[in-house]
Amino acid sequence: MSSRSLKITGIHDRRYWNYIPTEESRFKNVAYLQQMWWVEVVGELEFEFPVGSYSIFFRLQLGQAHKILGRRVCNVDRVHGWNIKPVRFQLSTSDGQHSFSELYLRGPEEEWVHYHVGDFVVEKPNEPIKVKFSLAQIDCTHTKGGLCLDYAIISPIQFRERLSHNFN
């Protein structure tokens, strides 16, 4: 799911968020958080998944990358607030499954990282399951900024290691 298909608090106020074009995204643009007190991103879908186990990830980057003279450069000057309180990742399904974790967004800065939201299991074929997932950092004691959000991905759990290999 592209960043445009996710519900992002404050996305329509250019003081906080902007969509920026990039060749680094399969969707040709990413959501960039300049600065905000309250960060919340929610994805929701209903789908008939094949029987199996699935993982959900957000693809995030601390810093804003662009090209200068054909070279990738990442501006991390505006990255702030992510080391004060962790980001809360949550997942729930219509059949009662839940997942919750808290992680600090650490990067490495300047690189895209797949942050694991949670896992769920589909046991009934040909039956739609509603999946809701989110990331939030709603502690209003400090601002957060300098975050790029590319997409959320749901993949079979056997691909989890491929996606999370660059995490930590």
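Me: How many bridges join β3 to strand β12?
Reply: There are 3, and the two strands run antiparallel. Strand β12 covers residues 147-156. Strands here are DSSP runs of E, at least two residues long, numbered from the N terminus. Two strands pair if DSSP finds at least two bridges between them.

Me: What kind of model is this?
Reply: It is a predicted model, where local features need pLDDT of at least 70, side-chain atom pairs count only at pLDDT 80 or more, and totals for chains, interfaces and linings use all residues. Residues are numbered from 1 along each chain as its sequence is written, and side-chain values use heavy atoms, with hydrogens and water left out.

Me: OK, back to β3. Which residue of β12 is opposite L33?
Reply: L147. L33 is also the bridge partner of W17.

Me: And which way do β2 and β3 pair, parallel or antiparallel?
Reply: Antiparallel, over 5 bridges. Strand β2 is residues 17-21.

Me: How many of the residues in β3 are buried?
Reply: 5 of 5, across residues 29-33. Buried means under 20% relative accessible area, with a 1.4 Å probe and protein chains only.

Me: Which ones point which way?
Reply: N29, A31 and L33 point one way. V30 and Y32 point the other way. In a regular strand the side chains alternate between the two faces of the sheet.

Me: New topic. Where is R59?
Reply: R59 sits in strand β5, residues 52-62. R59 counts as buried because its relative accessibility is 13%.

Me: What does the side chain of R59 reach?
Reply: The backbone oxygen of E24, at 3.1 Å. The R59 side chain also makes a polar contact with the side chain of D150, at 2.4 Å. A polar contact is a pair of N or O atoms within 3.5 Å; within protein, one must be able to donate a hydrogen and the other to accept it, and residues adjacent in sequence count only if both atoms are side-chain atoms.

Me: What else does R59 touch?
Reply: Leaving out residues up to four places away in sequence, the residues R59 touches include W112, H114, C148 and Y151. Contact means heavy atoms within 4.5 Å.

Me: And S55, buried or exposed?
Reply: S55 counts as buried because its relative accessibility is 0%. S55 lies in strand β5.

Me: Which side chain makes a polar contact with that of S55?
Reply: That of D119, at 2.6 Å. S55 also touches H116, I153 and R160, among others, not counting residues up to four places away in sequence.

Conventions: Helices (H or I, at least four residues) and strands (E, at least two) are DSSP runs, numbered from the N terminus. Buried means under 20% relative accessible area, exposed over 50%, partly exposed in between (1.4 Å probe, protein chains only).
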